[in-house]
Amino acid sequence: MSITLDRPETDLASNAITDWLRKFEAALTAGNSAAASALFVEDGFWRDLIAFTWNIATQEGSGEIAKMLDATLPGIQPHHWRLAEPAEAADGIISGWITFETAAGRGFGHLRLRDGLAWTLLTTLTELKGFEEKRGPTREPGAAHGVERDRKSWLERRQAEAAELGVTTQPYVLIVGGGQGGLGLGARLRRLGVPTIIADKHPRPGDQWRSRYKSLCLHDPVWYDHMPYLPFPDHWPVFSPKDKIGDWLEMYAKVMELNCWNSTTCDHAEWDEAAKEWVVQLTRDGKPVTLRPKQLVLATGMSAIPNLPKYPGAETFQGEQHHSSAHPGGDAYRGKKCVVIGSNNSAHDICADLWEHGAEVTMVQRSSTHIARSDTLMELALGGLYSEAAVAAGITTDKADLIFASIPFRIMHEFQIPVYAEMKRRDADLYERLEKAGFMLDFGDDGSGLFMKYLRRGSGYYIDVGASELIANGSVKLKSRVDVTEIRPHSVLLSDGTELPADLIVYATGYGSMNGWAAKLISQEVADKVGKCWGLGSATTKDPGPWEGELRNMWKPTNQEALWFHGGNLHQSRHYSRYLALQLKARMEGIETPVYGLAEVHHTS
Ligand SMILES: Cc1cc2nc3c(=O)[nH]c(=O)nc-3n(C[C@H](O)[C@H](O)[C@H](O)COP(=O)(O)OP(=O)(O)OC[C@H]3O[C@@H](n4cnc5c(N)ncnc54)[C@H](O)[C@@H]3O)c2cc1C
């Protein structure tokens, strides 16, 4: 994305950023929003992760920037803007890392200048003054040297905490869902000293991965997948097998000293307006428990509420049928006729797994799918930020996350389109053979490929780790451009009249929006009040407008007081858990957190 220059040019770039920051600071200190916003190009962007807005919000254009500053400057009191390290320049853009302070905290950010004016500015809050995480020189001593009567050991203190929290004392935060999302957020809250319980219905942390189909390995490479604070060791495989991730998460929960309530189901939650707290009914080890946390986080999984289409006759089917999330793996299906409905990631993985186990497999493709070969994706799309080469070039995980975050969603597709044009060129042979087999391909409505599809609709793609070849060479049969019209006792009837004999039907038909969890656990009224989760409002397939600028409802305040949604892939959960944890900590400490630009609700599911 940028190159390091020889010293004199680096100095020029650094001077340009320093000069801009000086003018910016002068305008901000004078409370002159117009002068500050005039330092942006007309179509400039300011993405803020809770430092100014106590929200995750992007202001587009100098008009929106001025308006945001008018509202936030008096309370935020930004100052001390500095260049953090030598700036860089490439393709007419000067970019640099910056630091700044506000009344409440310290911030880190990224600035890109075009013709001396800001094109993109990212501001993030990294810590709250007076509530800094203990680390390095401020770490706990662990042992208290000297002598003390009735001294409690670390284990005794840990056990006492676990026995009291949720019994005689209330957690400030209840996280429902102890997958990687809930655990990573829990670890950050622990470091910030926020009493938290993480409730999960599974018996052990990591079980959500263990319970997925046997052949599953992460589709994203290891550099993208680290948990907060505790990166994988450097021998860790590039693509983690799912049970290995399960074990890592179990270890993580233990060593990060998280208060996990496993074998605990959250049954119902209700907001008590008078007490300003949630009343949450749970079943823990079979016994009812009521908790009264001040904040409720649903980390119940983005890929967790199965979309199960209702096909006529499904109840008459004599074989086995299940959603992809309930698929156990291919062992039991040797020689069986299996129909997999769907053509995205899970559908491909399950087809390949069934084929490997000697089943006769047919995929039913109802709409087009984007295919990205894993190797090509790693090299072209992720390699610059998340790879061994990126590590060698000094791009830490934090920096990679921030570089990613610094690209405003409005223009992100422009960076993606050339990547996928190159992918199309490079893997032309595979695409041609897939199309010959009848597979319906796409690269997203505007050619921007996988990541934009993920952000816009959370579906519609397969990261090819081998199954595409099975489709291309006919090992897995394909029926495309059809829908299912009926399920019969021993077959699936398609819209073109084909009848597919079936012993097993797998519905790899995706997942619903996370506000479905609010409907399940709280009420439909609250689910509608907060609206759909995820998606940018890009007016592309399955992502209806209007434009939102940010992902709906994720990691930021919602229209229901004290209700939060946390989730996403490992990269997103790692990065955004930082800002969600700080928002929760600030509220616990009574720091003013006026939210600027709380998003309107345009869609309820
Ligand atoms: C087949 C498949 C492959 C995937 N591959 C990748 C990948 O390669 N890389 C990647 O980053 N992501 C991948 N994902 C996405 C994956 O879902 C997430 O990264 C990850 O699992 C999300 O973690 P999470 O903690 O947000 O949710 P989950 O892991 O879904 O955890 C949610 C937890 O909430 C619990 N829960 C729900 N309701 C309740 C309740 N009422 N009471 C108590 N507990 C409850 C569940 O038991 C579950 O443990 C994949 C998903 C699937 C389905």
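The protein is divided into three parts: domain 1 (8-128), domain 2 (158-304 + 512-588) and domain 3 (314-507). This is a predicted model, so please keep that in mind for everything I say today.

Let me stay with domain 1 and domain 3. Their C-alpha centres are 40 Å apart. The two do touch: eight residues of domain 1 and six residues of domain 3 take part in the contact. On the side of domain 1 that touches domain 3, strand S1 (40-49), strand S2 (56-60) and strand S7 (117-128) are the elements that give two or more residues. S1 gives the most to that side, with three residues. By type, the residues on that side of domain 1 divide into three nonpolar, three polar and two charged.

S1 and S7 are also partners. They run parallel and are joined by six bridges. Phe40, for instance, has Ala118 in S7 as its bridge partner. S7 pairs with strand S6 (residues 105-114) too, this time antiparallel, through ten bridges. S6 and S7 make a hairpin with two residues between them. In that turn, Asp115 has a positive phi of about 50°.

That brings me to backbone angles. As a reminder, most residues other than glycine have a negative phi, and most peptide bonds are trans. Gln77 is not a glycine, yet its phi is positive, about 45°. Gln77 sits in the loop between helix H3 (61-76) and strand S3 (79-83). Is Gln77 buried, exposed or partly exposed? With 14 other C-beta atoms within 10 Å, Gln77 is partly exposed.

His80 is another residue other than glycine with a positive phi, near 60°. His80 is not in a loop but in strand S3. His80 has 12 other C-beta atoms within 10 Å and is exposed; the cut-off for exposed is 12 or fewer.

Which peptide bond is cis? The bond that joins Gly545 and Pro546 is cis, with omega about 0°. Pro546 lies in the loop between helix H18 (524-530) and strand S25 (563-565).

Next, helix H4, residues 154-164. How many of its eleven residues are buried? The number is zero, so H4 lies largely in the open. After H4 comes Gly166, with a positive phi near 90°.

His348 is found in helix H9 (residues 345-356). His348 has 27 C-beta neighbours inside 10 Å and counts as buried, the cut-off being 20 or more. Leaving aside neighbours within four places in sequence, His348 is in contact with Tyr462 and Ala467. As for distance across the model, the C-alpha atoms of His348 and Arg149 are separated by 63 Å, and the two residues are 199 apart along the chain.

Now the ligand. There are 30 residues around the ligand, and Gly177, Gly179, Gly181, Gly301 and Asn569 come nearest. Two elements, helix H5 (180-191) and strand S11 (264-272), each supply at least two residues of the shell. H5 gives the most, with three residues. What is the make-up of the shell by residue type? The shell divides into ten nonpolar, 16 polar and four charged residues.

I will finish with the protein as a whole. The secondary structure comes to 19 helices and 25 strands. The radius of gyration is 25 Å, close to the 25 Å that the globule rule gives for 605 residues, so the protein is as compact as a globular protein of that length. Along the principal axes, the C-alpha trace spans about 75 × 65 × 45 Å. Of the 605 residues, 46% are buried. Taking contacts between residues at least 6 apart in sequence, 67% join residues at least 24 apart.

To recap the points I would look at on the screen: the contact of domain 1 with domain 3, to which S1, S2 and S7 each give two or more residues on the domain 1 side; the cis bond between Gly545 and Pro546; and the shell of 30 residues around the ligand. That is all from me.

Conventions:
Residues are numbered from 1 along each chain as its sequence is written. This is a predicted model: local features need pLDDT of at least 70, side-chain atom pairs count only at pLDDT 80 or more; totals for chains, interfaces and linings use all residues. Helices (H or I, at least four residues) and strands (E, at least two) are DSSP runs, numbered from the N terminus. The radius of gyration is taken over C-alpha atoms; the globule rule is 2.2 Å times the number of residues to the power 0.38. Two residues are in contact if their C-beta atoms, placed from the backbone, lie within 7 Å. A residue is near a molecule or strand if its C-beta atom, placed from the backbone, lies within 6 Å of it. Ala, Val, Leu, Ile, Met, Phe, Trp, Tyr, Cys and Pro count as nonpolar, Asp, Glu, Lys and Arg as charged, and the others, Gly among them, as polar. Domain bounds come from an automatic or database domain assignment. Two strands pair if DSSP finds at least two bridges between them.
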